[in-house]
Every structure is written in structure tokens, then in C-alpha cells.
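Please read the following briefing alongside the sequence and the coordinates.

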Amino acid sequence: MSGSSLITIYKNALNHYTVEQLRYISAPGVWSIGQMYDHVILTALDYLDQVEKCAATVEEQTLGKTEAGAYIFQTGGFPPIKIKLPEGPENAPSNAESKEDLMRGLDQVQLRMRQWEAKLDEIDPKGKVQHGGFGWLNAREWFGLVDMHFRHHLRQKNELEQSLILI
């Protein structure tokens with residue numbers, strides 16, 4: 001499943017949530033659906049910023065991926081486990097975004113993906129930017145992370161939707 005079709009899944013679902021459902025937190029430490037959407041959008045935009053940095057770099061980077069980075073690219077995705085992000089404001093997604101804000105964010109991700117997808121073959125794969133957990137990634141790898149991350153959060157999306165049955 002490609003990034004565009006994944007984003008379409010998220011968009012279609014977003015149209016069906018009420019504001020109450022979007023902001024509902026089922027338990028302490030669990031994100032709302034709105035927070036999960038905010039997270040996947042901001043992460044995708046950050047990954048696409050890294051694609052842009054790779055495209056602009058003129059320095060060849062000889063270092064590669066970490067063991068975790070090699071694993072996710074070899075398997076084509078994140079492992080099917082819950083990943084707890086470190087505490088901090090950068091890892092606390094907003095629970096105040098409107099459906100319209102989130103839809104605009106998904107549209108922006110889709111647009112930027114289309115723009116970069118057309119240019120990926122022209123970007124030198126030796127131009128890399130470091131990811132904190134996965135090592136040094138080139139533009140195509142950063143771009144691939146967008147799909148992987150959206151796919152990874154489909155499980156969470158489904159779990160959060162199940163909790164909405166209770167409200």
C-alpha cells in the first residue's frame with residue numbers, strides 16, 4: 001500500500017469522526033485519535049523535510065544505518081509493537097486540532113509526497129541525513145519512512161476506533 005492510498009484511508013476515516021470522538025482519550029497515557037493524526041502528519045512533514053535536506057546536501061556521507069534502521073528497511077516496516085516515545089513536548093501531539101486542520105495537514109503531506117516522488121531518482125543517494133534511531137538515511141529512505149510510519153499507525157488507529165464504541 002502506497003503513501004497516497006494510506007493517506008486516503010486516513011482522510012476517509014477522518015470524515016466520519018465527531019469532534020468528541022476525535023478528542024476522546026480512553027485511558028491515561030493513551031492518545032486520542034486526533035493526537036495520533038497530529039503525530040503522523042507532523043512526523044511525515046519532518047521526514048519530508050529530511051528528504052529536502054538530503055537533496056540539498058553536497059557532501060557524501062559514507063556512514064550507514066543502525067541495526068534497527070537496517071531491520072526496518074529489510075522488513076519494509078516497523079515491527080508490530082507499540083513504541084513509547086520519550087516524554088517531552090516534542091512527543092506530546094496536540095489534542096486541539098480541528099478536523100479541517102488535520103485534513104489540511106494530510107493534504108499537505110500528500111502534496112509534498114507527490115512533489116518529492118517525482119524528484120527522488122535525481123537525488124544523489126550518497127547525500128544523507130542522520131535519523132536518531134535508524135542512522136544515516138538518504139532521500140529515498142526518508143521518503144519510504146513516511147509510508148512505513150502511516151502503515152505502523154493503522155493498528156493504533158483501529159484500536160482507538162474500537163475504544164470509541166464505549167462513548
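The points below are grouped by topic, after a short note on the model and its conventions.

This is a predicted model, in which local features need pLDDT of at least 70 and side-chain atom pairs count only at pLDDT 80 or more, whereas totals for chains, interfaces and linings use all residues. Residues are numbered from 1 along each chain as its sequence is written, and side-chain values use heavy atoms, with hydrogens and water left out.

**Overall fold and dimensions**

- The chain contains six helices and two strands, where helices (H or I, at least four residues) and strands (E, at least two) are DSSP runs numbered from the N terminus.
- In sequence order, these elements follow the pattern α-α-α-α-α-β-β-α.
- Along the principal axes, the C-alpha atoms of the chain fill a box of roughly 55 × 30 × 30 Å.

**Burial, contacts, surface and charge**

- Of the 167 residues, 43% count as buried, a term that means under 20% relative accessible area, with exposed meaning over 50% and partly exposed lying in between (1.4 Å probe, protein chains only).
- Among contacts (heavy atoms within 4.5 Å) between residues at least 6 apart in sequence, 82% join residues at least 24 apart.
- The accessible surface of the chain, computed by the Shrake-Rupley method with a 1.4 Å probe, comes to about 9300 Å², and 53% of this area belongs to carbon and sulfur atoms.
- The chain has 17 positive and 22 negative charges, whose mean positions are 3 Å apart; Lys and Arg count as positive and Asp and Glu as negative, without His and the chain ends, and each charge is placed at NZ of Lys, CZ of Arg, CG of Asp or CD of Glu.

**The hairpin**

- Strand S1 (residues 128–131) pairs with strand S2 (residues 135–138) in the antiparallel sense over four bridges, where pairing requires that DSSP finds at least two bridges between two strands.
- S1 and S2 form a hairpin with three residues between them.
- Across this pairing, Val 129 stands opposite Leu 137 in S2, and His 131 stands opposite Gly 135 in S2.

**Ser 98**

- Ser 98 lies in the loop between helix H4 (67–75) and helix H5 (99–117), and it counts as partly exposed because its relative accessibility is 23%.
- Leaving aside neighbours within four places in sequence, Ser 98 is in contact with Leu 22 and Arg 23.
- The C-alpha atoms of Ser 98 and Val 19 are separated by 7.4 Å, although these residues are 79 residues apart along the chain.
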